[in-house]
Amino acid sequence: VQLVESGGGSVQSGGSLRLSCAISRHIVRTRCFAWFRQTAGEEREGVAAIASDGIITYADAGKGRFTITVSQDKTNGTLYLQMNNLHPEDSAMYLCAAIVGVDYCSGSLWYPAYPYWGQGTQVTVSS
């Protein structure tokens, strides 16, 4: 299972970024994905998740500003996180995560629910 994030960077407060997570071919049929973020010394915090039935859950911190989407075909897939109106407190390492091999997942924002993770992409928002 391979998940590779990209799209992080440095922006000013109020700016936007679009994060991408390339999904390896053999899990492209999975529809259980999520974005998390983590700062030094803190636990991973759920940002947004897609359940197996397509229902999307957002953490309060990103509601109205963040949008999670997934693009999949038979051989390729990409998970996205569009982040608008960024605040300095959004600065973190952002990681994508997946659950594989299940018929149902609830779209949890609890990080132990996800066994597969990317390496992360850093987002820094300056005031």
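**Exercise 1. Determine how far apart the mean positions of the positive and negative charges of the chain lie.**

Solution. Lys and Arg count as positive, Asp and Glu as negative, while His and the chain ends are not counted. Each charge is placed at NZ of Lys, CZ of Arg, CG of Asp or CD of Glu. For the 9 positive and 10 negative charges, the mean positions are 10 Å apart.

The model is predicted: local features need pLDDT of at least 70, side-chain atom pairs count only at pLDDT 80 or more, and totals for chains, interfaces and linings use all residues. Residues are numbered from 1 along each chain as its sequence is written, and side-chain values use heavy atoms, without hydrogens and water.

**Exercise 2. State how many helices and strands the chain has.**

Solution. Helices (H or I, at least four residues) and strands (E, at least two) are DSSP runs, numbered from the N terminus. The chain has zero helices and 11 strands.

**Exercise 3. Identify the residues with the most contacts inside the largest nonpolar core.**

Solution. A nonpolar core joins buried (under 20% relative accessible area, 1.4 Å probe, protein chains only) Ala, Val, Leu, Ile, Met, Phe, Trp, Tyr and Cys residues through side-chain atoms within 4.5 Å. The largest core has 24 residues, and Trp35, Leu79, Leu81, Met83 and Tyr94 have the most contacts inside it. Among the elements that give two or more residues to this core are strand E4 (33-38) and strand E8 (77-83). A second, separate core of eight residues includes Cys32 and Cys105.

**Exercise 4. Name residues that Leu81 touches beyond four places away in sequence.**

Solution. Contact means heavy atoms within 4.5 Å. The residues touched by Leu81 include Leu19, Trp35, Phe66 and Tyr94.

Conventions. Buried < 20%, exposed > 50% of the residue type's maximum accessible area, 1.4 Å probe, protein only.
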